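Please walk me through this model, one region at a time.

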Amino acid sequence: MTRDIICPLCEERNNKLSFHIGQYQLRACETCDLNFIHPYIQKEENRNPLHIDKQLAGEKRSVDFYFGYISKYYEGINSYLDIGCGAGELLKKAQNFDIKIRNGLEEDECRAKHATEYAQCEVFDTDVLKKQDNVSYDLISMINVFSHVSNLDALFQSLKSLLNENGKVIIKTGLFKKGFRKNNFFNLQIPEHVHFIGDKTIAFICEKYQFKCVEDIRIPLSNELIDKGFLLSPGLSSFRYTLKKIVYYTPGLSFILRKLYTLYTKNKLFSNIVVLEK
């Protein structure tokens with residue numbers, strides 16, 4: 001335990017080294033369970049390397065995987081904001097609901113422009129910490145965005161200011177239980193990802209920022225990694241894409257690999273979907 005390293009969420013010093021990844025440490029906070037890198041410096045030099053067509057294809061398959069878990073929250077609302085909307089697939093999906101205001105936030109100018117045209121709504125090419133207007137929302141989504149935001153206090157203060165009373169925010173991110181190992185995950189994408197939640201992190205966030213946790217869904221990471229959406233997403237490597245297609249089209253192989261991966265990781269890695277209410 002190193003006393004001069006402060007957790008970026010709870011600001012306590014009682015954290016332990018989990019393991020090293022290159023020049024970075026991954027540390028686990030004993031107070032709020034946040035897993036964070038040290039030094040706590042985010043770098044996204046190649047944040048959006050995929051061509052827009054591949055990006056959209058990946059988003060479509062990803063949305064197909066998780067949307068069934070969250071679709072009920074799009075019913076009966078008047079306003080919706082998707083933070084980190086990418087090429088706009090989730091905003092497009094929201095067209096199926098009678099939502100008067102649909103907006104997106106996307107820092108990449110090219111993707112923001114595509115999402116505006118594709119989803120037929122206004123998308124701002126900025127991040128959540130810089131959005132300043134009088135619009136507030138009934139529902140906000142952050143899909144695979146949480147681990148990229150290095151100022152957590154500013155993030156949750158911004159979310160509260162953007163939400164209507166009783167408004168909800170959907171957060172989808174990675175959850176690591178205590179005891180997970182470095183070789184349990186093939187790519188943590190550090191330092192693009194600066195932190196990952198643990199068992200008690202959401203409860204701590206709710207207490208600190210006065211949110212109510214409406215739903216906490218934990219999906220074994222193997223279910224998402226070895227799912228049709230992931231296996232048929234081209235990605236950056238043509239060789240890896242070929243291997244993924246072999247897994248998908250070989251009868252029974254993806255099922256066996258999911259079971260083996262869950263056993264190998266000792267069921268400590270999850271794709272976590274949480275819904276918080278203001």
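Leaving aside its neighbours within four places in sequence, which residues is S254 in contact with? The model is a predicted one. In it, S254 touches I226, L231 and V247, once residues within four places in sequence are set aside. S254 sits in helix α9, which spans residues 253-264. Its relative accessible area is 16%. Buried means under 20%, so S254 counts as buried.

Next, the open sheet. Four strands make it up, in the order β1-β2-β3-β9, and the pairing is antiparallel. β1 (15-21) and β9 (195-196) stand at the edges. Each has a single partner strand, so one side of each lacks a neighbour in the sheet. Strands of a sheet pair through backbone hydrogen bonds, either parallel or antiparallel. Here β1 meets β2 (residues 24-29) in the antiparallel sense, over 6 bridges. One detail to look for is I21, whose bridge partner in β2 is Y24.

Strand β4 (residues 79-83) runs parallel to β7, and 4 bridges join them. I83 has M142 as its bridge partner in β7. β7 also runs parallel to β8 (residues 163-176), with 6 bridges between them. There, I140 is bridged to V169 in β8. How many of the 7 residues of β7 are buried? The count is 6, so β7 is largely enclosed by the rest of the structure.

Now take the loop between β6 (122-124) and β7 (137-143), where V128 is found. Is V128 buried or exposed? V128 is buried, with a relative accessible area of 6%. Not counting residues up to four places away in sequence, V128 touches I83, L105, L155, S158 and L162. V128 and G84 are 44 residues apart in sequence, yet their C-alpha atoms are 8.6 Å apart in space.

Turn to the helices. Two packed helices are described by the angle between their axes and the distance between the axes. Helix α1 (residues 52-70) packs on helix α3 (residues 109-119) at an angle of about 60°, with the axes 11 Å apart. The two helices are therefore oblique to each other. The crossing of α1 with α3 is right-handed. On the α1 side, I52, Q55, L56 and K60 take part; they meet R111, H114 and Y118 in α3. By type, the residues of this contact divide into 3 nonpolar, 2 polar and 2 charged.

A second pair is α4 (152-162) and α5 (residues 201-209). The axes of α4 and α5 come within 11 Å and cross at roughly 60°. This crossing is right-handed. From α4, the contact uses L152, D153, F156, Q157 and K160; from α5, it uses I205, K208 and Y209. These residues divide into 4 nonpolar, 1 polar and 3 charged.

Stay with α5. Which residues of α5 are buried? They are T201, I202, F204, I205, C206 and Y209. What do the buried residues of α5 pack against? They pack against α4, β10 (212-220) and β11 (269-277). After α5 comes Q210, whose phi is positive, near 60°.

Definitions and conventions. Residues numbered from 1 in each chain as written. Predicted model: local features only at pLDDT ≥ 70, side-chain atom pairs only at ≥ 80, totals over all residues. Heavy atoms only, no water. Pairing = 2+ DSSP bridges. Buried < 20%, exposed > 50% of the residue type's maximum accessible area, 1.4 Å probe, protein only. Contact = heavy atoms within 4.5 Å. Axes fitted to C-alpha atoms, helices over the stretch in contact; angles between N-to-C directions. Parallel < 35°, antiparallel > 145°, perpendicular 65-115°, else oblique. Left-handed = near helix turned anticlockwise from the far one by under 90°. Nonpolar A, V, L, I, M, F, W, Y, C, P; charged D, E, K, R; others polar.
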